[in-house]
Amino acid sequence: MKILKVLSLTAIVFLMTQCYPEGPVYTDELDLVYSNYDPSYDFASKQTYALPDKIMKIDDELIGGGSPNYVKPVYADPMLAKIDQNMQTAGWTKVDVDENPSVLLAPVAVEVTTTVYYGYGGYWDWWYGGYYPPYGWYYPYPVTTSYSTGSLVVTMLDPNDLSANEKMRAVWGFVVNGLLEGSTTEFTARFTKGINQAYIQSPYLNK
Amino acid sequence: MKKTIIITLMLAAGVFIAPLVSAQSFTSLQYTMGIPTGGLKDHVDKISWRGFTFEYQREVAESVTVGCNFAWSTFYERKDYDSYTNNNATLTGVQYRYDNLFPMLINAHYTIGTGTVIPYVGLGAGTMYDLRNTDMGTWTIEENNWHFLMTPEAGFMFDVSPGTSIKLNAKYDYAFKIKDADAFGNLNISFGFVFNSW
């Protein structure tokens with residue numbers, strides 16, 4: 001009977017610690033696309049847009065009043081091309097910013113790094129796949145790890161609709177957010193997929 | 001509600017009086033699966049295969065035991081890449097939903113017969129702690145609530161050796177509606193061992 005008690009308890013503890021659902025496994029499973037718009041805005045009557053050839057970074061230097069930095073062209077160019085492609089597929093015409101466009105698109109990038117600190121005496125409590133003895137291990141010194149997420153934020157502005165304090169009205173916008181991991185090709189594929197999704201979920205832009 | 005409070009108090013009284021009138025006690029350890037209903041099913045539609053139940057019962061009269069019951073069930077569902085719209089805003093991504101349920105209750109059982117296979121019915125009342133997470137990207141929306149709980153139950157015990165039985169039972173946890181959360185249910189199917197006088 002005693003062995004049954006021990007086996008029951010062991011089985012339950014094993015079940016609850018080893019079989020907990022694991023959640024996301026791949027980087028792209030953490031990618032998000034958010035969009036929002038002003039429902040009172042008449043998108044149908046607008047025909048033209050302007051888009052810069054760079055993506056500005058929102059970083060500490062800019063926030064501190066310094067001059068802006070820009071996303072490297074190897075990353076920025078495919079994203080800007082994808083925005084152009086989607087705007088034109090939706091029936092909009094690209095014009096120069098001097099040609100009185102109906103709307104302006106303002107793309108910016110934000111990077112946030114999150115640091116996880118285990119501190120002294122942190123423990124690794126997971127089973128190492130049966131390869132090593134099931135002791136886990138501990139850290140007698142501080143351990144940190146971190147991950148960075150990046151967001152591409154694109155805002156559509158009406159330059160002919162200014163507020164009393166001369167601010168342009170934002171009428172639509174989207175955010176593509178994900179981990180800044182993987183090769184340039186993988187990163188570009190994930191973020192351009194997100195840009196496509198932003199247009200798919202914004203059918204009111206279509207002509 | 002008044003009736004359920006009275007039942008709860010009676011059951012609680014039984015737990016404390018029990019040691020004075022009988023020596024026979026039963027401890028159960030069981031694997032538990034759960035089938036979500038109501039508001040829980042709206043959040044996680046999948047059956048839970050992760051759970052356990054611990055129960056302690058003491059005989060207070062012939063065929064009647066009272067005791068307490070604690071359990072933990074984890075529900076999980078991965079929603080494929082999809083869009084969720086609220087007014088003008090739309091959010092798209094893969095969603096991971098988790099629900100950890102911790103029912104804690106005082107209950108009574110009535111056993112029918114004395115053979116090798118002993119059926120029983122039971123009723124319990126207590127509280128349910130519900131920890132609910134919806135993860136998207138690197139964010140999580142977390143809700144946690146305490147519900148009043150009622151649990152009808154039925155099952156069988158099979159004697160396998162002196163002092164040990166196998167127990168198979170179904171228990172329906174009904175968590176009542178509260179101000180911040182809807183009512184929901186969880187049909188537990190449990191399988192495990194009962195040890196007499198542990």
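**Strands, helices and loops**

Mentor: β1(A) pairs with strand β4 (residues 89-111) of chain B in the antiparallel sense, over 4 bridges. Strands pair if DSSP finds at least two bridges between them. This is a predicted model, where local features need pLDDT of at least 70, side-chain atom pairs count only at pLDDT 80 or more, and totals for chains, interfaces and linings use all residues. Residues are numbered from 1 along each chain as its sequence is written, and chains are lettered from A and ligands numbered from 1 in the order in which they are written.

Trainee: Which residue in β4(B) is the bridge partner of A:Y34?
Mentor: B:L91.

Trainee: How many residues of chain A are in contact with chain B?
Mentor: 27 residues of chain A, with 27 residues of chain B. Contact means C-beta atoms, placed from the backbone, within 7 Å.

Trainee: Which elements of chain A give two or more residues to that side?
Mentor: α1 (2-18) and β1 (32-37) of chain A. The largest share, 7 residues, comes from α1(A). Helices here are DSSP runs of H or I with at least four residues, strands runs of E with at least two, numbered from the N terminus.

Trainee: New topic. At what angle do α3 and α4 of chain A cross?
Mentor: Roughly 25 degrees, and the axes of α3(A) (residues 73-89) and α4(A) (residues 184-200) come within 9 Å. That makes α3(A) roughly parallel to α4(A); the label covers angles under 35 degrees.

Trainee: Which residues of α3(A) meet α4(A)?
Mentor: Among them are A:V74, A:Y75 and A:P78 in α3(A), and the α4(A) side includes A:F187 and A:F191.

Trainee: Now loops. Where does A:K46 lie?
Mentor: A:K46 is in the loop between β1 and β2 (48-50) of chain A. Leaving out residues up to four places away in sequence, A:K46 touches A:S102 and A:V103. A:P101 is 55 residues from A:K46 in sequence and 8.8 Å away in space, C-alpha to C-alpha.

Trainee: Why is A:K46 called partly exposed?
Mentor: Because 18 other C-beta atoms lie within 10 Å. At 20 or more a residue is buried, at 12 or fewer exposed, and in between partly exposed, with C-beta atoms placed from the backbone.

Trainee: And A:N100, what is its phi?
Mentor: Near 50 degrees, a positive value in a residue other than glycine. A:N100 sits in the loop between β5 (93-94) and β6 (103-117) of chain A. A:N100 is exposed, with 11 other C-beta atoms within 10 Å.

How values were computed: Contact = placed C-beta atoms within 7 Å. Axes fitted to C-alpha atoms, helices over the stretch in contact; angles between N-to-C directions. Parallel < 35°, antiparallel > 145°, perpendicular 65-115°, else oblique.
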